Amino acid sequence: MKTIEMLTGELAPTFGALVRHRRATPHFRADPVPAEVIDIALTLAAEAPSGFNSQPWRFLVLQNPDQRAALRRAALDQAKITEAPLVIIAFAQREGWKAHFEEILREKARRTGQDGKNVESIKNGALDFIGKLPAAAWLNRHVMIAFTYLMLAFEAQGWDTAPMEGFDADAVRRTFSLPKDSEVIALLAVGRATTPDTPHPGRLSVSEIAFAERIGEPWIPSTAETRSAGSP
Ligand SMILES: Cc1cc2nc3c(=O)[nH]c(=O)nc-3n(C[C@H](O)[C@H](O)[C@H](O)COP(=O)(O)O)c2cc1C
């Protein structure tokens, strides 16, 4: 069984290859995903950064065929949801995340050798700042980082994935009795692809997506290798 340390050691030199070879998998075989693979992926997703270390992401892990069939009905009838042996619903609560906030701040104080006397004022300042932001955008910003870590953690362990936004959030909330203040952010199907090589659909070039110092001045990559985005 691979430990997180072993996996992390193996991952470092292959990050570029991992990212360039990941594809959104259109169809899955039924081979089950081992529990330890799921554990490692969730543990690595939990390492994602977040504002104030708030960690608002939550994951509902579905393996049961009836549960996945119910999700498929709430998700545009996407076949990959019942084909894949594992589908994870990434969601977050507008208010619910706050239940852990003080504990999170106290843990940081403990780990950094502080007495924790200022936790209450840090908490109030953070809640004041976050309270002025659009809640759905704030939650999305954070959950998608953890979701991306999760997706790449499965891919790093040799599994195929498919991220999905095609769902009816209200229907997903109702079907799985998610807390009322939940935002459903994205779905991730995980399993083995039926066909090994979905073609790379291409990407904008780095000079189209990045600017140097001012908008309109494209970032010019220094080597041919970094100019060729989208052709692993
Ligand atoms: C947030 C997100 C939502 C997506 N939603 C769906 C979806 O609902 N159904 C689907 O078939 N593909 C979905 N995709 C897959 C994209 O179509 C795919 O990632 C994109 O075409 C690029 O292909 P690639 O991932 O193989 O590079 C989604 C991708 C992302 C990142």
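Predicted model: local features only at pLDDT ≥ 70, side-chain atom pairs only at ≥ 80, totals over all residues.

Trainee: Why is Ser 121 called exposed?

Mentor: Count C-beta atoms, placed from the backbone, within 10 Å of the residue's own: 20 or more others means buried, 12 or fewer exposed, and in between partly exposed. Ser 121 has 9 such neighbours, so it counts as exposed. It is found in helix H7 (residues 119-131); helices (H or I, at least four residues) and strands (E, at least two) are DSSP runs, numbered from the N terminus.

Trainee: And what makes Arg 73 partly exposed?

Mentor: Its count is 14, so Arg 73 falls in the in-between class. Arg 73 lies in helix H4 (residues 65-73). Its C-alpha atom is 9.2 Å from that of Asp 168, 95 residues apart along the chain.

Trainee: Why is strand S3 described as largely enclosed?

Mentor: Of the 8 residues in S3 (residues 86-93), 7 are buried, so the rest of the structure largely encloses that strand.

Trainee: How do you know that S3 pairs with strand S5?

Mentor: Pairing takes at least two DSSP bridges between two strands. S3 and S5 (residues 182-193) have 8, in the antiparallel sense, so they qualify.

Trainee: What makes the contact of helices H3 and H8 nonpolar?

Mentor: Ala, Val, Leu, Ile, Met, Phe, Trp, Tyr, Cys and Pro count as nonpolar, Asp, Glu, Lys and Arg as charged, and the others, Gly among them, as polar. The axes of H3 (residues 35-45) and H8 (residues 135-156) come within 8 Å and cross at roughly 145°; axes are lines fitted to C-alpha atoms over the stretch in contact, with angles from 0 to 180 degrees between N-to-C directions. Residues making the contact (C-beta atoms, placed from the backbone, within 7 Å) include Ile 40 and Leu 44 of H3 and Tyr 149 and Phe 154 of H8. By class, the contact has 9 nonpolar, no polar and no charged residues.

Key
Residues numbered from 1 in each chain as written. Contact = placed C-beta atoms within 7 Å.
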